[in-house]
Amino acid sequence: MKQMAILCVDDEHIILTSLELQLKKHFGEQFIYEFAESAEEGIEIIEEFTQNDIQIVLIVSDWLMPGTKGDEFLISVHQQHPEVVKIMLTGQADPEAIERTRTQANLHCCLYKPWMEEELKEAILTGVDRINGK
């Protein structure tokens with residue numbers, strides 16, 4: 001059985017640390033967790049996972065990041081990996097960017113900072129169910 005991974009992308013280290021703690025608390029060793037501080041770094045991790053036959057099941061991405069914004073990143077990922085569930089995590093995404101990501105990258109949901117731990121857990125669970133065809 002393929003190893004499954006969750007990738008989190010945010011330019012704020014404290015956000016990535018919070019995500020890591022919450023994901024490991026709720027999902028333990030069920031997934032490999034990887035963290036990137038930019039869309040470019042996220043792309044490199046995706047390529048590495050693909051080469052190592054690790055299945056990325058879900059990406060949580062910030063919207064407002066230096067360089068490539070989250071909507072552009074998720075749309076780009078979707079073109080190569082349409083099966084990956086995409087969640088946007090943002091404090092200030094504009095509605096057009098969210099809608100563009102919904103239509104062009106099949107955005108699963110958008111969570112707003114500061115998010116509630118339970119809402120993140122539920123978004124991950126429903127996203128994984130989506131992959132498993134439930």
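Me: Is Lys24 buried, partly exposed or exposed?
Reply: This is a predicted model, and the accessibility is computed from it. The relative accessibility of Lys24 is 42%. Buried would need under 20% and exposed over 50%, so Lys24 counts as partly exposed.

Me: Which residue forms a salt bridge with Lys24, and how far apart are the closest N and O atoms?
Reply: Side chains of opposite charge can pair when their charged atoms come close. The partner of Lys24 is Glu20, which at 28% relative accessibility also counts as partly exposed. Lys24 and Glu20 are four residues apart in helix H1 (residues 13–27), so about one helical turn separates them. The salt bridge joins Lys24 to Glu20, with the closest N and O atoms at 2.8 Å.

Me: How many residues apart are Asp62 and Lys113?
Reply: The side chains of Asp62 and Lys113 form a salt bridge, at 3.3 Å from N to O. Asp62 is in strand E3 (residues 55–62), while Lys113 is in the loop between E5 and helix H5 (117–131). The pair therefore links distant parts of the chain, and because its relative accessibility is 3%, Asp62 counts as buried. Asp62 and Lys113 are 51 residues apart.

Me: Which helices hold Asp71 and Arg100?
Reply: A salt bridge joins the side chains of Asp71 and Arg100, at 2.6 Å from N to O. The two residues are 29 residues apart in sequence, and the pair ties together helix H3 (residues 70–80), where Asp71 lies, and helix H4 (residues 95–105), where Arg100 lies. Asp71 is buried at 2% relative accessibility, whereas Arg100 is partly exposed at 33%. The helices are H3 for Asp71 and H4 for Arg100.

Me: Which backbone atoms lie 3.3 Å and 3.4 Å from a polar atom of the side chain of His108?
Reply: His108 is in strand E5 (residues 107–112). Beyond four places in sequence, its contacts include Val85, Ile87, Ala123 and Gly127. At 3.3 Å from a polar atom of the His108 side chain is the backbone oxygen of Ala123; at 3.4 Å is the backbone nitrogen of Gly127.

Definitions and conventions:
Residues numbered from 1 in each chain as written. Predicted model: local features only at pLDDT ≥ 70, side-chain atom pairs only at ≥ 80, totals over all residues. Heavy atoms only, no water. Polar contact = N/O pair within 3.5 Å; in protein donor to acceptor, adjacent residues only side chain to side chain. Contact = heavy atoms within 4.5 Å. Salt bridge = Lys/Arg side-chain N within 4 Å of Asp/Glu carboxyl O. Buried < 20%, exposed > 50% of the residue type's maximum accessible area, 1.4 Å probe, protein only.
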